[in-house]
Amino acid sequence: MVNTLSLYKPLLHGLMKVAGMRRQVVEIESGTVINFWVPSDETTAKRKSAVVFLHGFGFDGILTWQFQVLALANKYAVYVPDFLFFGDSITDKSERSPAFQAECMAKGLRKLGVEKCTLVGLSYGGMVGFKMAEMYPNLVDSMVITCSVMALTKSISRAGLQRIGFSSWAEYLIPETVKGVKTLLDVAFYKLPWMPNFIYKDILEDMCFDHRKERHELLEELIVEDKNFTAPHFTQRIHLLWGGDDIIFDMKECRNLIDLLQGKATLHCIERAGHLAELERPFVYNRQLKKILASLYKDGKEN
């Protein structure tokens, strides 16, 4: 039987091309390449404000952000990278830290001619986004963070795992069975729509077999000791666009994040949406995101 995701991806990629996007592989350095979806018309893109979408730990960039790209590609210069060991991005380096992911994203964007951007980061992508904002303040002008934390400290990790009933993030995020995929999505959605069993099997086959060892290593590098974490001072404008029923990083974690940001972040909450709010309620998410971007930019250019 043909894998349904293997059928869907070419259709999605074709739709992205119609929307004015194209794939581009960027060599960061020898042995390290990042796959991007970028605007097809480079000349027009230079006249628009850049919005960069950073995906979470489940799906690759374009699957995660497909609805947002279609909604925004006409007005903004949209860039959607795949993190290392997701999609077609890969490295032969041994580095697995969020800082290395951030470095590769920033170098890739520079090579694409992006001088300043707004980051939209989901979960793992939000953590990498915060690191990018810390390391490259001249590149990252503003951020929209969805269901994420500034850093996955041991205390935050322990509380999150307790809420979802797992002993480790690898056990949850790198499933080995169809049941594990079902649980992964059920936890990440407020109300997971019914899907036939073969869909979960196809997801497992398509997304969970490649780079398992490297993804385990990414998760190991993600967790930091509480005593070793100090919140940076961010100069960027920051908006939090949150699934109100997320149990992975719940509203308590959201309020803690606002406190770490010294109350400077603006909160936008989407009711009846879980961790994957951008997929579960895309129209509501897009409406809120458009309002946020409109407050940051006028006619596609920076205010």
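How are helices H5 and H6 oriented to each other?

**View 1. Packing of helix H5 with helix H6 in a predicted model.** H5 (residues 98-111) and H6 (residues 124-135) pack at about 70° with their axes 8 Å apart, and they are therefore roughly perpendicular to each other (65 to 115 degrees). Axes are lines fitted to C-alpha atoms over the stretch in contact, and angles run from 0 to 180 degrees between N-to-C directions; helices are DSSP runs of H or I with at least four residues, numbered from the N terminus. The crossing of H5 past H6 is right-handed, the near helix being turned clockwise from the far one by less than a right angle.

**View 2. Residues in the contact of H5 with H6.** H5 contributes Pro-98, Ala-99, Gln-101, Ala-102, Glu-103, Met-105, Ala-106 and Leu-109, and H6 contributes Tyr-124, Val-128, Lys-131, Met-132 and Met-135, where contact means heavy atoms within 4.5 Å. By class, these residues comprise 10 nonpolar, 1 polar and 2 charged.

View 3. The whole structure holds 0 disulfides (a pair of cysteine sulfur atoms within 2.5 Å). The sulfur of Cys-117 lies 15 Å from the closest cysteine sulfur, in Cys-104, which is too far for a bond. Cys-104 is buried, at a relative accessible area of 1%, and Cys-117 is likewise buried, at 0% (under 20% relative accessible area, 1.4 Å probe, protein chains only).

Residues are numbered from 1 along each chain as its sequence is written, and side-chain values use heavy atoms, with hydrogens and water left out. In this predicted model, local features need pLDDT of at least 70 and side-chain atom pairs count only at pLDDT 80 or more, whereas totals for chains, interfaces and linings use all residues.

Note on methods:
Helix = DSSP H or I, 4+ residues; strand = E, 2+ residues; numbered from the N terminus. Parallel < 35°, antiparallel > 145°, perpendicular 65-115°, else oblique. Nonpolar A, V, L, I, M, F, W, Y, C, P; charged D, E, K, R; others polar. Buried < 20%, exposed > 50% of the residue type's maximum accessible area, 1.4 Å probe, protein only.
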